[in-house]
Amino acid sequence: MPYESGLISFAAFTCLALAMKKHRSGLEPLVLPSERVLRVLGWCLLALSAAVAVFRLGPALGVTVWIGQMCVAVALLVLLLSWRPKAATALAGVGLICAPFLAFL
Amino acid sequence: MNVRPSFPAPAPPARALRQSMAWIHAWLGLLAGWILFAMFLTGTASYFRPEITQWMQPELRSTSVPAEQAAQAAIAHMQATTPNDQQWFIYLPDDRTAVTRVFARAKPNPEKPPARRPELKLDPATGQSLEARDTRGGEHFYRFHFQLQLPHPWGRWLAGVCAMFMLAAIISGVITHKRIFVDFFTLRWRKGQRSWLDAHNASAVLALPFHAMITYTGLITLVAMYMPWPVKANFDKPDAFTAAAYGAPAEAKATGTPAPLLPVGPMIQAAGRAWSGDAPRTVVIRNPGDTASTVTLLRATGGRLNARPDSITFSGATGQELSRSPSPGPAIATAGVMLGLHLGHFASPALRWVYFLLGLTGAAMVGTGLVLWVVKRRKPNAAPFFGLKLVERLNIGAIACLPSGMAAYLLANRLIPADLPGRAELEVKAMFWTWFGLAVVSLQRPARRAWIETLGLATLAFAALPVVNAATTDRGLVASLRTGDWLFAGFDLAMLAIAALCGLAAFKASRKPQPPSQKTSVRAPAAASPKPAPAKESVDAL
Amino acid sequence: MNNDRSAKQAAAWPGVARMTARAVTAMLGGYAAAAALASLLARLLSIAPAEASAWGMILSFLVFAGLALWAFHERRLAIVAAVLWGSALAAGAAVVLLGARA
């Protein structure tokens with residue numbers, strides 16, 4: 001299933017969201033890394049998700065697929081974040097773990 | 001921002017720009033919103049055009065056949081039925097279409113212009129003519145999304161005007177929205193107007209690349225009609241531009257000397273060698289059975305962004321290659337890629353679902369914008385003015401009633417007898433009578449009840465589809481899951497998902513709306529606005 | 001800066017008529033200007049004619065959108081009309097005078 005790029009960008013945007021003060025509350029048992037770390041991690045993951053898509057599908061189709069999956073991922077993230085922020089965070093972690101396995105499916 | 005045709009008071013340049021853009025953004029969205037919503041929804045459905053067509057002809061089952069065999073079988077059928085035609089068009093099946101489609105154009109006859117022949121469906125393997133229920137299939141949603149069921153060319157012009165409004169609305173919306181990054185992840189529920197603004201912003205901003213792309217490329221699909229002037233500046237005739245841009249296939253007048261048409265298999269193989277293994281999608285044969293006959297193969301575009309197919313033309317009598325399309329220059333290639341990005345034919349099933357979801361965000365963006373217009377202007381203790389009532393009713397008619405109409409089109413396909421004459425037109429009528437009829441009937445109900453009831457009806461209609469499918473065909477959900485018929489299973493499951501979505505919307509509409517209040521204690525952390533003042537400003541910005 | 005003038009004009013010419021003129025200028029004038037400018041670009045670009053025409057067509061909608069939005073931003077209707085109709089006429093005339101490519 002060629003969705004690993006979307007899963008990585010989901011995690012990337014989760015990091016970027018949690019790097020913002022107004023999205024950091026309500027996750028109490030969870031200890032979040034500092035805003036700075038999350039921001040850097042988020043951008044790195046976003047770059048990774050692009051690289052994965054381009055590596056897999058070539059530049060033209062890769063960038064198209066990356067942007068498409070990124071848009072869906074961030075839209076789903078915002079829906080989930082507004083409703084169950086903890087679940088969104090957990091899903092980002094699970095997705096990130098699953099992504100390398102999906103890449104080989 | 002005001003409804004009256006007057007500008008806001010003068011302000012410093014940056015704020016003045018934002019204000020004028022907010023003003024025009026609201027007008028653009030209001031005037032084109034209802035049609036744009038319908039274009040987005042039916043256009044989104046069109047990403048599954050071949051699948052919808054297959055679902056609407058359950059008598060036909062797809063068989064996988066090599067292109068050479070399908071083409072030769074179709075040619076044999078044409079030679080047996082209409083050997084003396086001027087031109088044969090053969091549309092080969094692929095992994096998304098079950099049948100070969102053929103269309104023949106007769107020789108021009110000055111005395112009696114020949115009647116336009118209908119398109120025929122053939123069995124890919126045998127070339128036998130196939131009988132299935134008459135239906136427009138997915139083609140109907142596709143055609144509607146840019147022709148709007150209006151006479152040619154008015155539908156296309158209206159769709160073009162709406163697309164242009166959409167483009168201007170996107171640009172003005174981005175300029176208006178000054179908190180794009182601060183509010184990037186913000187979506188607050190149950191806060192009245194602010195929730196609608198959040199939802200409008202989120203659906204617009206998060207899928208902005210898609211919205212901008214689909215709007216601009218939509219205009220490009222019909223650019224030859226909307227903007228022919230740059231061509232006229234350089235070429236006397238549009239045909240000359242077409243020939244210069246895409247190459248003109250070699251064609252010669254029929255000599256009148258008969259010569260047998262060579263088998264197309266070797267030609268398809270030769271084309272495959274030139275096209276890194278790709279098969280042709282379309283075979284066009286001119287003057288079959290003549291020494292001057294030509295066979296033009298158009299390359300399947302699957303997997304490549306550029307939707308303009310390469311073509312190779314062979315002599316039908318000698319099998320020699322006569323011409324092939326030139327490799328396009330940067331501008332022609334750009335236009336071809338834009339066309340491809342809009343149509344999405346290149347998309348694998350995984351990407352097609354991404355396209356589908358992004359299309360839904362487009363419909364959500366337009367829909368939430370229209371609702372926001374009403375919510376923003378409704379005063380709690382004042383009777384709504386006429387314009388407000390009108391817009392709200394049109395919102396109900398466009399947003400909540402169209403899904404029922406689309407479901408009715410699909411239901412009609414199963415409920416109208418398969419052999420009834422004129423049934424294809426009846427299916428189309430079912431959609432529009434349901435859509436507009438429901439909109440008229442909903443006028444009898446208070447606005448809030450009308451939202452709930454029309455959305456509830458859409459829920460029932462979509463939920464009924466798998467049931468009716470199972471009752472009227474032998475390809476119901478259980479059977480298709482058991483036999484691994486993923487197209488039919490996926491279709492039924494998608495209908496259930498859409499029903500759930502409509503049901504959720506009806507449920508949300510039935511909840512008592514909360515007035516926006518800073519003091520409301522909400523558990524959701526996203527709702528905890530750290531600074532009330534800018535949040536208020538962002539509401540005013542639109 | 002132009003408060004007095006626009007206020008005077010608004011009093012002399014009812015707001016609805018002015019707004020109608022502005023909308024017509026934005027849509028028809030904007031289209032005419034975009035079409036003429038895109039045609040001029042297509043005619044002047046010294047690349048293959050088909051390529052030049054295609055660039056003109058591809059860019060025309062962006063020009064149209066920009067001009068139409070600007071028509072609702074600039075407060076002075078006279079300037080809007082002058083720029084849109086003027087550039088349409090000037091670029092259109094240039095295309096006609098230049099004639100076919102040599």
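Two residues are in contact if their C-beta atoms, placed from the backbone, lie within 7 Å. I wrote that down before opening the model, which is a predicted one.

**Entry: chain A**

With that cut-off in hand, I looked at contacts in chain A between residues at least 6 apart in sequence, and 70% of them join residues at least 24 apart. Next I went through the secondary structure: chain A has four helices and zero strands. Following the sequence along, I get the pattern α-α-α-α. The radius of gyration of chain A is 13 Å, close to the 13 Å from the globule rule for 105 residues, so chain A is as compact as a globular protein of that length. I also boxed up its C-alpha atoms along the principal axes and got roughly 40 × 25 × 20 Å. Of the 105 residues in chain A, 44% are buried.

**Entry: two helices in chain B**

Here I picked helix α1 (residues 13–45) and helix α5 (residues 154–176) of chain B, whose axes come within 7 Å and cross at roughly 145°. I noted the crossing of α1(B) and α5(B) as left-handed. Sorting the residues in this contact by class, I found 18 nonpolar, five polar and one charged.

**Entry: Val95(C)**

I found Val95(C) in helix α4 (residues 77–98) of chain C. Is Val95(C) buried or exposed? It counts as buried because it has 24 C-beta neighbours inside 10 Å, and the cut-off is 20 or more. Skipping neighbours within four places in sequence, I listed the contacts of Val95(C): Ala36(C), Ser39(C), Leu40(C) and Arg43(C), plus Ala233(B). I also checked Leu41(C), which is 54 residues away along the chain, and its C-alpha atom is 9.2 Å from that of Val95(C).

Methods. Residues are numbered from 1 along each chain as its sequence is written. Chains are lettered from A and ligands numbered from 1 in the order in which they are written. This is a predicted model: local features need pLDDT of at least 70, side-chain atom pairs count only at pLDDT 80 or more; totals for chains, interfaces and linings use all residues. The radius of gyration is taken over C-alpha atoms; the globule rule is 2.2 Å times the number of residues to the power 0.38. A residue is buried if 20 or more other C-beta atoms lie within 10 Å of its own, exposed if 12 or fewer, and partly exposed in between; C-beta atoms are placed from the backbone. Axes are lines fitted to C-alpha atoms, for helices over the stretch in contact, and angles run from 0 to 180 degrees between N-to-C directions. A crossing is left-handed if the near helix is turned anticlockwise from the far one by less than a right angle, and right-handed if clockwise. Ala, Val, Leu, Ile, Met, Phe, Trp, Tyr, Cys and Pro count as nonpolar, Asp, Glu, Lys and Arg as charged, and the others, Gly among them, as polar.
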